[in-house]
Amino acid sequence: PDETTEKMIDAVKLVRNKYNFKGYVHFKVIPGTSYELIKQASEFSSRMSVNLEAPNKSTLDEFSSCKSFKSDILKRQAWIKNMKLPAGQSTQVIVSEHSTDKEIVKMMDWEYEKFKLERFYFSAFQPVKGTEFENLKAQPVSRQNHLYNVDFLVRKYGYKTKELFSIMDDGMLPNKDPKLALAIENFDGAIDINEASYEDLIRIPGIGPTTAMRLVKTKINKMEDFYKFGGHVKRATPFISINGKRQATIGDFAKI
């Protein structure tokens, strides 16, 4: 790790000092790299990351016999947290059959809290012929994308991860937009958007934070007004009413 990292630092120094590059540099930290080299790299980097690859030790052990989840990865993340980086740090996990969505989401939540990550990335496992894992099951990109949906709901919408656990079956998310799945499960009837709080509005499919904030401040009288506010009418209409009137029912969700 240290020998390779020294070469990477030389490359970053070259573009920073010789070619006077002032732009974004994302420095990938190799598990096991020494503190001194990581600190040195941080002086030339915008963001740094050391990839988790797996949500826990037992899953990582399935893929690697030479990496320590705690000392090679988590310890390095703790070091990076205390270094002054303009764009902070991020990480990535491989979405494989060896871990559930719940395990991944729990680790994501812990990492955001523990290490103040800027982003948590997901990569659906795809087997490569001629490698030790060529016979492992490929994971659908849709699974990866639903985990990104969850990440966005937590980071930008203020959802709690325990809300997402309620729609999981045996630790796995349903094969649909998690926000839509939550709305179907939790909404007993339509919400009048002229009476709803921000917390209620943000949980309606088709309504994002900006639209929700606008609706809290202004009353509307017709669906055309809702569209002008930035709402996604087709996704939202089964879950909302305007002054007691509605255009669709929650049973229409299958058409969304």
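Colleague: What covers the buried residues of H10?

Modeller: The cover includes H9 and helix H11 (223–228). Bear in mind that this is a predicted model.

Colleague: And which residues of H10 are buried?

Modeller: Thr-211, Ala-212 and Leu-215. Looking down the axis of H10, you find the buried residues within an arc of 100°, so they line one face of the helix.

Colleague: Which exposed residues does the face turned away from that buried side carry?

Modeller: Thr-210 and Lys-217 are the exposed residues there. As for the pattern, an α-helix has 3.6 residues a turn, so residues three or four places apart point the same way.

Colleague: OK, what about H2? Which residues are buried there?

Modeller: In helix H2 (residues 35–42), the buried ones are Leu-37, Ile-38, Ala-41 and Ser-42. Their arc around the axis is only 140°, which puts them on the same side of H2.

Colleague: Switching to charges. How many salt bridges does a search of the whole structure find?

Modeller: Six. In general, side chains of opposite charge can pair when their charged atoms come close. One of the six is between Asp-177 and Arg-235, at 2.5 Å from N to O.

Colleague: Where do Asp-177 and Arg-235 lie?

Modeller: Asp-177 is in the loop between H7 and helix H8 (178–186), while Arg-235 is in helix H12 (residues 233–236), so the pair ties together parts that are 58 residues apart in sequence.

Colleague: Are those two buried, exposed or partly exposed, and what are the values?

Modeller: Asp-177 is partly exposed, with 24% relative accessibility. Arg-235 is also partly exposed, and its relative accessible area is 21%.

Colleague: Which residue does Arg-203 meet in a salt bridge?

Modeller: Glu-163, with 3.0 Å from N to O. Arg-203 sits in the loop between helix H9 (198–201) and helix H10 (209–217), and Glu-163 in helix H7 (residues 161–165), so this pair ties together parts that are 40 residues apart in sequence. Arg-203 is partly exposed at 23% relative accessible area, and Glu-163 is partly exposed at 21%.

Colleague: And what is the N to O distance between Lys-116 and Glu-113?

Modeller: That salt bridge comes out at 4.0 Å. Glu-113 is exposed, with a relative accessible area of 58%.

Colleague: Now strands. What runs alongside S4, and is the pairing parallel or antiparallel?

Modeller: Strand S3 (residues 89–95) is joined to S4 by six bridges, and the two run parallel.

Colleague: Is Tyr-121 on the covered or the uncovered face of S4?

Modeller: Tyr-121 is on the uncovered face, together with Arg-119 and Ser-123. The covered face of strand S4 (residues 119–124) has Phe-120, Phe-122 and Ala-124. As a general point, in a regular strand the side chains alternate between the two faces of the sheet.

Colleague: I was also looking at Ala-54. Where is it, and is it buried or exposed?

Modeller: Ala-54 is in the loop between S2 and helix H3 (57–63). This alanine, Ala-54, is buried, with a relative accessible area of 0%.

Colleague: What is Ala-54 in contact with, leaving aside neighbours within four places in sequence?

Modeller: Thr-59, Leu-60, Phe-69 and Val-93. Phe-69 is 15 residues from Ala-54 along the chain, and their C-alpha atoms are 8.7 Å apart.

Colleague: Which residues make the nonpolar surface patch?

Modeller: Leu-14, Val-15, Tyr-19 and Phe-21 make a patch of about 370 Å². Val-15 belongs to helix H1 and is partly exposed, with a relative accessible area of 32%.

Colleague: Last thing, the overall picture. How many helices and strands are there, and what share of residues counts as buried?

Modeller: There are 12 helices and six strands, and 45% of the 256 residues count as buried. The C-alpha atoms fill a box of roughly 65 × 45 × 30 Å along the principal axes. Among contacts between residues at least 6 apart in sequence, 60% join residues at least 24 apart.

Colleague: And how much accessible surface is there?

Modeller: About 13800 Å², with 50% of that belonging to carbon and sulfur atoms.

How values were computed
Residues numbered from 1 in each chain as written. Predicted model: local features only at pLDDT ≥ 70, side-chain atom pairs only at ≥ 80, totals over all residues. Heavy atoms only, no water. Salt bridge = Lys/Arg side-chain N within 4 Å of Asp/Glu carboxyl O. Buried < 20%, exposed > 50% of the residue type's maximum accessible area, 1.4 Å probe, protein only. Helix = DSSP H or I, 4+ residues; strand = E, 2+ residues; numbered from the N terminus. Arc of directions from axis to C-beta. Patch = residues over 30% accessible without salt bridge, like charges linked within 9 Å, V, L, I, M, F, W, Y side chains within 5 Å. Areas by Shrake-Rupley, 256 points an atom, 1.4 Å probe, with all protein chains shown as cover. Contact = heavy atoms within 4.5 Å. Pairing = 2+ DSSP bridges.
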